[in-house]
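Subject: A structure for you to look at

Hi,

Here is the structure I promised to pass on. Have it open while you read, and turn it around as you go.

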Amino acid sequence: MCAHVLVAEDDEMQAELIRRSLLAEGHTATVVHDGRAALDAARLEGPDLVVLDLMLPVIDGLGVCRTLRRDDDVPVLMLTARSTEDDILLGLELGADDYMTKPYSPRELMARIRTVLRRGGRGGGRREGHVVRAAGLAVDPVRHEVRCEGRPVVCTPAEFEILLAMAGEPERVFTRRQLLQCTRGLDRASTERAVDVHIMNLRKKLEADPRRPARLLTVFGVGYKLSGGTA
């Protein structure tokens, strides 16, 4: 995993294009469509970078950037359909690290993201202290540690890899095959049903009541997802 990127874009088609481009680059992504959701996600997940559209509903991108800068030094790459110098300068004055005007190519956006991450020393699980946070969990791929509401949780290698993948994309529904692939060959002889066992064991470790899970949810006929709910 390279970096976890928060994408705040109200155009759902554009947001999905950015998400797919990030995944293709090896990043993980959380997508939100309004400014309030962006601030909530930034606070809960501690992303390595925020891709922030200027024209967001509820709270616009300038307001989000202003609030982020009061609380955090997370890099911000601002997207704007406004190309006037005043708008661009205002975004930079509020603390945006870079900006792109629409329309833009996904390749150029990914290049800008790489530059901002490199400049800020963020991303690439190589960064000491990089922790993936979601649903009350903190998954540290450097130290190979998991904490649930601050409590240390001992996981097997396969459980850890599955949890790391799910925490990187909370609310995404993973199929059993996808989760099995996340084990990177640790369970070569396993079938997809082995994932059910890993999930069952993780629920015992993470849920207040494993029979009524609040985090690791079953999506019937598809697979599993990590929900933002807490036990």
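Below is what I found in it, going from the whole chain down to single side chains.

First, a caution: this is a predicted model, so please keep that in mind with every value below.

**The whole chain**

The chain holds 8 helices and 12 strands. Of its 231 residues, 48% are buried. The accessible surface comes to about 11,500 Å², and carbon and sulfur atoms make up 50% of that. If you take the contacts with a separation of 6 or more, 57% of them are between residues 24 or more positions apart.

Now look at strand S3 (residues 49-53) and strand S4 (residues 76-80), which run parallel and are joined by 4 bridges. Leucine 52 is opposite methionine 78 in S4.

How many of the residues of S4 are buried? The count is 5 of its 5 residues, so S4 is mostly covered. Cover comes from both sides: Val76, Met78 and Thr80 are buried on one face, and Leu77 and Leu79 are buried on the other.

Which residues is threonine 80 in contact with, once its neighbours within four places in sequence are left aside? They are Leu54, Met100, Thr101 and Lys102.

**The salt bridges**

Side chains of opposite charge can pair when their charged atoms come close. By the rule used here, the count for this model is 17 salt bridges. Here are some to find on screen.

Glutamate 9 and lysine 102 form one of them, and their closest N and O atoms are 3.0 Å apart. Glutamate 9 is in the loop between strand S1 (4-8) and helix H1 (12-24), while lysine 102 is in the loop between strand S5 (98-101) and helix H5 (106-120), so this pair ties together parts that are 93 residues apart in sequence. Are the two partners buried or partly exposed? Glutamate 9 has 1% relative accessibility and is buried, whereas lysine 102, at 28%, is partly exposed.

Next, find arginine 112, whose side chain meets that of aspartate 98 in a salt bridge (3.4 Å, N to O). Arginine 112 is in helix H5 and aspartate 98 is in strand S5, so the pair links distant parts of the chain, 14 residues apart. Arginine 112 is partly exposed, with a relative accessible area of 26%, but aspartate 98 is buried at 13%.

Arginine 112 also forms a salt bridge with glutamate 108, with 3.5 Å between the closest N and O atoms. Why are these two about one helical turn apart? Because glutamate 108 and arginine 112 are 4 residues apart in helix H5. Glutamate 108 is partly exposed, at 36% relative accessibility.

Elsewhere you can look for a network of salt bridges that links Glu16, Arg19, Arg20, Glu169 and Arg172.

Last stop: Leu89, Leu92 and Tyr99 make a nonpolar surface patch of about 220 Å². Leucine 92 belongs to helix H4 (residues 85-93). Its relative accessible area is 33%, so leucine 92 counts as partly exposed.

If you only have a few minutes, I'd go to these:

- S4, with both of its faces covered
- the salt bridge between glutamate 9 and lysine 102
- arginine 112, with its salt bridge to aspartate 98 and its salt bridge to glutamate 108

Cheers

Definitions and conventions: Residues are numbered from 1 along each chain as its sequence is written. This is a predicted model: local features need pLDDT of at least 70, side-chain atom pairs count only at pLDDT 80 or more; totals for chains, interfaces and linings use all residues. Side-chain values use heavy atoms; hydrogens and water are left out. Patches are made of residues with over 30% relative accessible area and no salt bridge: like charges are joined within 9 Å, nonpolar side chains (Val, Leu, Ile, Met, Phe, Trp, Tyr) within 5 Å. Accessible areas come from the Shrake-Rupley method with a 1.4 Å probe; for residues, only the protein chains shown count as cover. A salt bridge is a side-chain nitrogen of Lys or Arg within 4 Å of a carboxyl oxygen of Asp or Glu. Buried means under 20% relative accessible area, exposed over 50%, partly exposed in between (1.4 Å probe, protein chains only). Two strands pair if DSSP finds at least two bridges between them. Contact means heavy atoms within 4.5 Å.
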